[in-house]
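Thanks for coming, everyone. Please look at the sequence and the structure on the screen, and I will walk you through a few places in it.

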Amino acid sequence: SGLTDTIMVVSYDVTNQKATVMSIPRDTTVNVRSSYKSINGVYNNNGRGEDGIQALKTQVSKLVGFVPDYYVMIDWELVGQMVDAIGGVYFDVPYHMGYDDPYQDLHIHFEPGYQYLNGEDAMNLVRWRKNNDGTATPGGGGDTSRLDVQHQFLKAVLSQTLQLKNVTRIGQLAELFGENVVSDLTIENLFWFGSQAIMGGLNVDDVNFVTMPCTNKSVWSRSYGNMQSYVVPNTDELVDLVNECFNPYLEDLSSKELD
């Protein structure tokens, strides 16, 4: 559908071997003329392609106070291919997941516990958002639950990828990126970052996964004629997080630099 349901801002400090990954909830509200005011529609509503990317960069910059240096747009297939390339991933599934969508031929079924996941399993895991019964208990649904699972899964992938035994697979992973990723990073860039991470000693414990501090809001929409669910940033908490983990400038940003 062209919706970017998973949006992450990543900062990698190569010198100090630390990284932070912040998920931006897909329903984060943006100040646009379109009646669809969730950030996951920005790319689609601006024609996709380079125009869509630049529009999304602009909206992200309003949230974090700076324009990201690079972008990486990942096709779903890459998740599975990368997991298969590193020999699968062992992951502790946090709770029961049961979801079926016959229109997409999508069937997600996992029981809780530590288990081996191949590429297809991985794709299903990161796509899961709710169960068939629609419950909102842990394991029941919502974007926050999905982001939490994605963070834990990416930690498991990193833990395995960053092992020295996988240094020989950096080239293979870079090639997979070249085939499945749209980015302004070259294959050489990706190879260099991967080499720095593995050979430089980046540890999974030094990669911090967070979700943008936010609050859920229900807002009346004149276009749709009903209440729409949105997410708004918690400004003070977000500014503190940006200054601690992302700010590329010498001086701290303030809420004035964020829109």
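In which helix does Glu 237 lie? Glu 237 lies in helix α8, which covers residues 235-245. Keep in mind that this is a predicted model.

Stay with Glu 237 for a moment. Glu 237 is partly exposed, because its relative accessible area is 48% and that class runs between 20% and 50%. A patch of negative charge sits on the surface, and Glu 237 is one of its members.

Next, a nonpolar patch. Which residues make the nonpolar surface patch of about 390 Å²? Three tyrosines do: Tyr 90, Tyr 114 and Tyr 116. Take Tyr 90. Tyr 90 lies in strand β4, residues 89-93. Tyr 90 is partly exposed, with a relative accessible area of 47%.

Now step back along the chain to helix α3. Helix α3 spans residues 76-85. Its buried residues are Leu 78, Gly 80, Val 83 and Ala 85. Here is some background on helices. An α-helix has 3.6 residues a turn, so residues three or four places apart point the same way. And look just after α3. There, Gly 87 takes a positive phi of about 85°.

On to charge pairs. Side chains of opposite charge can pair when their charged atoms come close. How many salt bridges does a search of the whole structure find? The search finds three. Let's take them in turn.

Start with Arg 26 and Asp 5. Their closest N and O atoms are 3.2 Å apart. This pair links distant parts of the chain. Arg 26 is in the loop between β2 and α1, and Asp 5 is in the segment before β1. That puts the two 21 residues apart. Is Arg 26 buried or exposed? Arg 26 is buried, because its relative accessible area is 14% and the limit for buried is under 20%.

Then Lys 18 and Asp 206. Here the closest N and O atoms are 4.0 Å apart. Lys 18 lies in strand β2, and Asp 206 lies in the loop between α7 and β9, so the pair ties together parts that are 188 residues apart in sequence. Lys 18 is partly exposed, at 47% relative accessible area. Asp 206 is partly exposed too, at 28%.

That leaves Asp 184 and Lys 57. Their side chains meet in a salt bridge at 3.7 Å, N to O. Again, the pair links distant parts of the chain. Asp 184 is in the loop between β8 and α7, while Lys 57 is in helix α2, residues 49-64. They are 127 residues apart. Asp 184 is partly exposed, with a relative accessible area of 34%. Lys 57 is buried, with a relative accessible area of 11%.

Last topic: cysteines. A disulfide is a covalent bond between the sulfur atoms of two cysteines. Cys 214 counts as partly exposed, at 27% relative accessibility. Cys 245 is buried, with a relative accessible area of 18%.

That is the tour. Questions are welcome.

Key:
Residues numbered from 1 in each chain as written. Predicted model: local features only at pLDDT ≥ 70, side-chain atom pairs only at ≥ 80, totals over all residues. Heavy atoms only, no water. Patch = residues over 30% accessible without salt bridge, like charges linked within 9 Å, V, L, I, M, F, W, Y side chains within 5 Å. Areas by Shrake-Rupley, 256 points an atom, 1.4 Å probe, with all protein chains shown as cover. Lys, Arg positive; Asp, Glu negative; His and termini not counted. Charge placed at Lys NZ, Arg CZ, Asp CG, Glu CD. Helix = DSSP H or I, 4+ residues; strand = E, 2+ residues; numbered from the N terminus. Buried < 20%, exposed > 50% of the residue type's maximum accessible area, 1.4 Å probe, protein only.
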